[in-house]
Amino acid sequence: VAGEQFTYQNPNLPLGDGELFYVNNTNGIFYRVTVLNNVGYKPSEDPFSMYIDKATNNIYIADRNVGVHKLNADTTGLYGPQPFLFDNAWLPYYNDLLSWGAITGGFCRDSKGIYWRTTKFNGLGLTRFRDADIYPDGGAGKKQPFNVLFKDVIIKTSYLDEENGYYYMFVQKAAGAKPGVYRIALSKLQNADGSDVEGNADLTIADCQLIDDSPVYMDGAEDSGEICNIAQINGDGTNIYWSYIAAPSDDKAIKGSVALDANNPLHKSGIKTIKSADAQPVVTFAVEGVEAYGVCGATYVAPQVVLPEAITLDKEEVTLNNGGETVQLTATVTPDEADNTNVVWTSSNEEIATVDANGLVTTLKQASWNEETPCTVTITASCEAKPELKATCVVKILNPTAEVKPESITLNYEEYTMPGGVNELQLVATVLPQETTNPAVNWTSNNVEIATVDANGLVTILPATTKAATDRVVTITATCVRNAQASASCVITIPAEVTGVADIYGTKTISSVKYYNVAGMESATPFNGVNIVVTNYSDGSQSASKLVK
């Protein structure tokens with residue numbers, strides 16, 4: 001809105017605060033460029049809505065109530081007064097319609113050079129005119145060029161879709177019609193040359209096609225179109241878009257709206273869209289859940305996000321015998337094509353049971369429990385994309401103070417020699433007794449430079465950093481989580497590399513080894529390809545061999 005003390009009765013009060021700018025991308029650097037700045041100037045001339053005519057490279061800016069300004073699209077740095085296409089007084093044949101405060105709701109110029117204008121304050125309908133019909137000197141007695149259409153209708157905003165042959169309007173108030181987004185075929189309004197179709201002045205909103213009658217939030221005087229929240233309709237030749245702010249309750253909706261329906265998917269804020277060419281268009285959302293003021297068509301529109309509709313669990317109730325037991329829950333999110341099927345798991349009481357990110361529930365042994373009170377915990381799975389979608393499982397523990405601890409553990413191998421060319425080994429732990437409440441184990445390696453082991457017992461042998469003269473040995477240990485005294489180990493041997501060349505100097509002490517490639521370059525480690533290996537011994541002698549890596 002304009003300055004804090006803005007008033008229509010004193011248009012010269014310097015409280016304007018409107019500004020128009022664009023963002024320019026030059027070599028990846030974004031610049032903010034001011035087109036016009038009305039801060040501190042007349043509030044009546046604050047830019048209120050805008051139309052860009054690509055054919056003429058002009059910008060048309062509707063101000064708060066004086067008229068419409070015209071700028072070349074390349075204009076920058078304009079401050080204060082703005083050049084007019086017209087002010088209200090320059091359309092004398094509409095003087096009985098254009099009153100002070102007639103804020104422009106929709107403005108455009110069609111391919112025939114005809115301007116289309118709606119005004120959204122005091123109900124003025126749709127007026128049309130050409131450049132030749134604008135009279136800066138007042139033009140007393142000039143003939144009205146076109147009929148006034150929908151004369152007593154408050155049209156908040158509009159959009160001319162010449163490509164598909166429709167005129168769209170958001171109608172705020174019309175006798176005998178609900179507020180909503182409507183369209184009418186251009187063939188009912190004008191002939192091919194732009195002239196009036198006979199009888200078009202008698203058309204009412206009832207002659208238009210209702211597209212969407214969702215109740216719109218109204219914040220302002222009942223008969224004012226200034227603060228009424230479908231602010232803009234736009235299109236790109238294929239789709240029509242409009243920004244929609246839903247009424248939070250029936251008493252906050254525009255008078256005459258349909259009743260707010262919480263189960264109607266269209267009765268929520270967002271950017272709505274239809275296919276322009278459809279005879280019976282279906283309204284969907286381009287973007288849901290946003291309160292947008294303006295919207296325009298684009299060369300790229302992000303695909304509509306498919307949200308989850310439901311979530312279920314494979315178990316709704318589970319009964320466990322003892323504290324410390326685990327149970328795996330599996331969540332299913334539908335539909336399958338939902339873009340985000342991630343699940344958030346929570347426990348109603350983490351002192352009784354925890355749940356991990358994969359739905360594994362682990363109950364905890366209780367130090368004491370009142371046997372008259374059931375020991376239960378509720379595990380909840382919620383859709384990350386729509387947290388209001390939930391599914392629950394009630395876990396009951398019969399003996400929360402009892403726990404069967406592990407007593408022993410064995411591995412599928414106690415010793416193992418790795419075959420040549422193999423670098424992985426799967427170890428399997430067996431925990432006894434079989435009724436152990438929590439059989440989880442921790443895996444460790446005594447030398448992570450030789451081998452690592454993951455949480456599932458998969459051992460990975462790492463390459464030697466230098467040529468090993470002797471076998472490498474590593475010990476992998478599995479230890480019970482609930483009984484650290486219960487553990488088992490496997491000793492893994494990785495044989496030293498065999499070069500295939502007999503070492504006749506095997507009894508001597510090696511002082512250094514050098515590697516040379518075919519270009520004669522020296523290295524302390526082998527090159528890829530053919531190497532000449534020169535071994536120096538402590539007694540001053542040398543040996544040479546060939547190594548292919």
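Predicted model: local features only at pLDDT ≥ 70, side-chain atom pairs only at ≥ 80, totals over all residues.
Residues are numbered from 1 along each chain as its sequence is written, and side-chain values use heavy atoms, with hydrogens and water left out.

The order is 29-36-35-32, and the pairing is mixed. From one strand to the next the twist averages 20°, where axes are lines fitted to C-alpha atoms and angles run from 0 to 180 degrees between N-to-C directions. Within this sheet, strand 35 (472-480) and strand 36 (483-494) are antiparallel and share nine bridges, and threonine 479 stands opposite serine 487 of strand 36.

Let me turn to another open sheet, whose four strands come in the order 20-27-26-23, again with mixed pairing. Its edge strands are strand 20 (317-322) and strand 23 (343-347), each of which pairs on one side only. Strand 20 runs parallel to strand 27, residues 390-399, and five bridges join them; valine 318 has valine 395 in strand 27 as its bridge partner.

Strand 25, residues 360-363, is joined by three bridges to strand 21, residues 326-328, in the antiparallel sense, and it also pairs antiparallel with strand 24, residues 353-355, over three bridges. Valine 361 in strand 25 is the bridge partner of valine 327 and also stands opposite valine 355.

Finally, some backbone details: most residues other than glycine have a negative phi, and most peptide bonds are trans. Here, a cis peptide bond joins threonine 334 and proline 335, and another joins leucine 432 and proline 433. Asparagine 57 has a positive phi near 60°, and phenylalanine 150 has one near 50°. Are these two residues buried or partly exposed? Asparagine 57 is partly exposed at 31% relative accessible area, whereas phenylalanine 150 is buried at 2%, where buried means under 20%, exposed over 50% and partly exposed in between, with a 1.4 Å probe and protein chains only.

Definitions and conventions
Pairing = 2+ DSSP bridges. Helix = DSSP H or I, 4+ residues; strand = E, 2+ residues; numbered from the N terminus.
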